[in-house]
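Colleague: I have not looked at this one before. Can you put it on the screen and take me through a few parts?

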Amino acid sequence: MNSAQWFERAQKVIPGGVNSPVRAFNGVGGTPVYFKSGKGAKVQTEDGTELIDFCGSWGPLILGHARDEVVEAVSKAAANGLSFGANTAAETEFAELVTSLVPEMEMVRLVSSGTEAVMTAVRLARGYTGRRKIIKFDGCYHGHSDYLLVASGSGLLTGGISSSAGVSPAATEEVFVAPYNNLAAVQEILKANGDEIAAVIVEPIAGNMGLVEPEPGFLEGLRAATAECGTLLIFDEVINGFRLAPTTFGHTIGVEADITTLGKIIGGGMPIGAIGGNTKIMSTLAPLGPVYQAGTLSGNPVAVAAGMKTLELLRDESPYLKMEILGKRLADGINRIATEKGLDLHCAQRGGMFTPFFRKQAVHNLDDSKACDQKAHAAYFHHMLDHGFYTPPSGFEVAFVSAAHSQEHIDAFLKAFEKM
């Protein structure tokens, strides 16, 4: 059976035929691709084609698909038992490794996804401060819990509006939404409501409106503004964590969040999430404190094994310079070709992350990203797919160069892109 046949079959038993909406290709049109296997930088599809993958399971596969050492670690762990719902030595060793690589995270609680990590982080912030309201940023995605599926409302000093059916109005009333990279907006909200705001949560580098970097002073300003009014600062590093260095992005730039959430890379391709912070804040979690969190699969031994080996390889091999060089070669190539052809696009890049934005002007926030030509992005996606390259099927996502990619992969990508 090919991808089209599998999709037709799936739609009869899975809503929309997919288990995560972006996989339906609604943003780009056409029939979703079904993957069969992957190794290194390449995947095999149910259509019998081979693709060079620049999606990497939306970020976790920084070492590429099925890295031998990670697969071996998973196999050994699985042979000893898939789950216990009890303590294991491995989860302690993993927590020790994470805290050694991110010193400001003195304690870590493991969960099963980035969404769960962020949900717990917000509850922890509320429990620790005794406050209810939070500030998030338009275009920053923090999972699908009710109070984080909130878009900007009619004004800065009013609560946000739900971006999903089924979300309680009471949840949105406790959330203020500011434009990303707009420090003044946050300062205004804090000035009027500071004693009610439990936390400000932000992706340090935004990855869910395409790759949008923080402007100089933005994150530092958030740190200062939140500290002044006793509000906690949460860095959602589910995408950023261990992406540009064997630590968090916050650590690399010297801005210390009160709570940091991790996911994706720290699981090496297996489902995992983590919340970390100083001992005082983290001790508010049960069983030490009054903030409840629990999970049968938290600290799952197979996921921990995959994450442990992945972080060890990133620490010991440090493939970050290679990914930076390849990422820059790719982005520079796209920008050169766009200039030569007079295309209305530019490629943003940081390390191994990149996004072709289909407009010439820089993108600083969600409004800028929405102003890009999504039809042009869809044409780009299908052109690259037809030429053997898999990129994110949405113009609001980040693509990834992994440690498994080579200069030959990048040059082949640019050769295909030039034919657009």
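Colleague: Which way do the residues of strand β11 point, and are they buried or exposed?

Modeller: I259 and T261 point one way, T260 and L262 the other, and all are buried. Buried means under 20% relative accessible area, exposed over 50%, and partly exposed in between (1.4 Å probe, protein chains only). Strands (E, at least two residues) and helices (H or I, at least four) are DSSP runs, numbered from the N terminus.

Colleague: Before we go on, where do these values come from?

Modeller: This is a predicted model: local features need pLDDT of at least 70, side-chain atom pairs count only at pLDDT 80 or more, and totals for chains, interfaces and linings use all residues. Residues are numbered from 1 along each chain as its sequence is written, and side-chain values use heavy atoms, with hydrogens and water left out.

Colleague: Back to β11. Which residue stands opposite T261 in β12?

Modeller: That is I275. β11 and β12 (residues 273-277) pair in the antiparallel sense over 4 bridges; for strands to count as paired, DSSP must find at least two bridges between them. β10 (residues 232-236) runs parallel to β11 and is joined to it by 3 bridges, with D236 opposite T261.

Colleague: New topic. Which residues of helix α6 are buried?

Modeller: A185, V186, I189, L190 and N193. Seen down the axis of α6, they fall within an arc of 130°, so they line one face of the helix. The arc is taken from the directions from the helix axis to the C-beta atoms.

Colleague: And what do they pack against?

Modeller: The buried residues of α6 pack against β5, β8, β9 and α7, where contact means heavy atoms within 4.5 Å.

Colleague: How many salt bridges are there?

Modeller: The count comes to 16. A salt bridge here is a side-chain nitrogen of Lys or Arg within 4 Å of a carboxyl oxygen of Asp or Glu. One of them joins R223 and D258, at 2.9 Å from N to O. R223 lies in α7 and D258 in the loop between α8 and β11, so the pair ties together parts that are 35 residues apart in sequence.

Colleague: Is D258 buried or exposed?

Modeller: D258 counts as buried, at 16% relative accessibility.

Colleague: What about R336, which residue does that pair with?

Modeller: R336 forms a salt bridge with E340, the closest N and O atoms being 3.5 Å apart. Both lie in helix α11, 4 residues apart, about one turn of the helix. R336 is partly exposed at 40%, while E340 is exposed at 54%.
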